[in-house]
Amino acid sequence: MGRIRVSVVGAGWYAAENHIPALKGRDDVTLDGVCRLGREALERVREHFGFAFASEDHREVLARRPDAVIVASPHDLHYVHVRDAIEAGCHVLCEKPMTLDPAEAWDLVRRAKSSGRHLLIANGYHYLPKLDRLRGLIQGGAVGRIEHLACTFVSATRRVFDGDGLARWKTVFFAPDIATWQDPAKGGGFAYGQLSHSVALALWLTGLSPRSVGARIAPGAVDLVDAASVAFEGGTLGTFSGTAGMPEGQRAILTVQLSGSEGALDLAVHRDHVSIHRHDGRQQGVDFAPGDLVYRCDGPVNALVDLAAGKGRNLSPGEIGAATIDVIEAMLRSARAGGTPVEIASPSPLLARAS
């Protein structure tokens, strides 16, 4: 195909920190169009990275018919931007959270499938070394039929959600719009902003399909502490919990623990470690080297380009992103109802079939 023409809609903090540099580092990519609000900032990003075209209107960027598009706009704009990119014939990488509304998320999955376009979510954990092999072991029966899942995420983001942002934001190419993280109407809070990482990882690793959720959220302007009990298709029970309580500069704590009919598994992402213990004594596992599981997000960007070129694999498909929004939206809905369990609003297909 030659060089892949890629455009970016929403060239803010993280796009300038991660997505665009990852694209620019490839010799098979042409940076075609870029979109963001603010003429001065728009011209700055166009000139610095060498985009061929820039506009504050995403429709003008899409009218150039790029091969692929990265959508990294504020959370509440993802649906419109991804929808329009798919309709323009583009393969799309969408930042997480995919949308704020499960029905919109599943609509994007359907649109991408019917258009024959690849839809990826920026779940960087899925592309870290050997995690796909671990996923194969889990879905291949490493612990037998999964009976219980427990997933916990503690990240260094308190100042993102209740303050003036991370200290390092003061020295980045673009400082983020804090409203994206602190305005509930825009998807502010820990659930959409951070728990979307760990919920997606657990669903992707296991292939479990959530069906109902009961949750509590600590009171505040936005959620900083979340805890949920989840019932999955087939009778599996589980929990998702998390908080923004880690001090800035420290590695996030992320654990996924499974127990099943044949044994148990303990994945400690923050320690680059997994252990699998089976009732029959047979040992299975994956050896992670120190630093293997330190978070990075160039994997989804590279996968987008490769898929647009007709190669590679999508390890962060839209189905996982949509099921993640199923869980988070139901958590928030249950918490507003005092913790009463609620049904998933738009039941997803079995994820093992879609991923």
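This is a predicted model: local features need pLDDT of at least 70, side-chain atom pairs count only at pLDDT 80 or more; totals for chains, interfaces and linings use all residues.
Residues are numbered from 1 along each chain as its sequence is written, and side-chain values use heavy atoms, with hydrogens and water left out. Local features need pLDDT of at least 70 and side-chain atom pairs count only at pLDDT 80 or more, while totals for chains, interfaces and linings use all residues.

The protein chain contains 12 helices and 14 strands (DSSP runs numbered from the N terminus, with H or I over at least four residues for helices and E over at least two for strands). Its radius of gyration, 20 Å, is close to the 20 Å given by the globule rule for 355 residues, so the chain is as compact as a globular protein of that length. The radius is taken over C-alpha atoms, and the rule is 2.2 Å times the number of residues to the power 0.38. The C-alpha trace spans about 60 × 45 × 40 Å along its principal axes.

Rings of Phe, Tyr and Trp (its six-membered ring) pair if their centres lie within 6.5 Å; planes under 30 degrees apart count as stacked, over 60 as edge-to-face and the rest as tilted. The ring centres of Trp-13 and Trp-169 are 5.0 Å apart and the planes stand at 55 degrees, so this pair is tilted. Trp-13 belongs to helix α1 (residues 13–24) and Trp-169 to the loop between α7 (158–162) and α8 (179–182), so that the pair links distant parts of the chain, 156 residues apart. Both Trp-13 and Trp-169 are buried. Phe-153 and Phe-190 form another tilted pair, with ring centres 6.3 Å apart and planes at 40 degrees. Phe-153 lies in strand β7 (residues 146–154) and Phe-190 in helix α9, so the pair ties together parts that are 37 residues apart in sequence. Phe-153 is buried at a relative accessible area of 2%, and Phe-190 is buried at 0%.

Two arginines lie over phenylalanine rings. The charged end of Arg-36 is 4.4 Å from the ring centre of Phe-174, and Arg-44 lies over the face of Phe-173 at 4.0 Å from the ring centre. The criterion is NZ of Lys or CZ of Arg within 6 Å of the ring centre and within 35 degrees of the ring normal.

A search of the whole structure finds 1 cavity of 30 Å³ or more, and the largest cavity has a volume of about 40 Å³. On a 1 Å grid over the protein atoms alone, a cavity is a set of points where a 1.4 Å probe fits but cannot get out; a pocket is an open set with protein on both sides within 12 Å along at least five of seven lines, and lining residues have an atom within 4 Å of a point. Helix α11 gives the largest share of the cavity lining, 3 residues. The second largest pocket has a volume of about 300 Å³. Of its 14 lining residues, Pro-184, Ile-217, Asp-223, Leu-332 and Arg-336 are the closest to its centre. Helix α11 also gives the largest share of this lining, 4 residues.

Conventions
Grid points are joined across faces, edges and corners, and a volume is the space filled by probe spheres set on the points. Buried means under 20% relative accessible area, exposed over 50%, partly exposed in between (1.4 Å probe, protein chains only).
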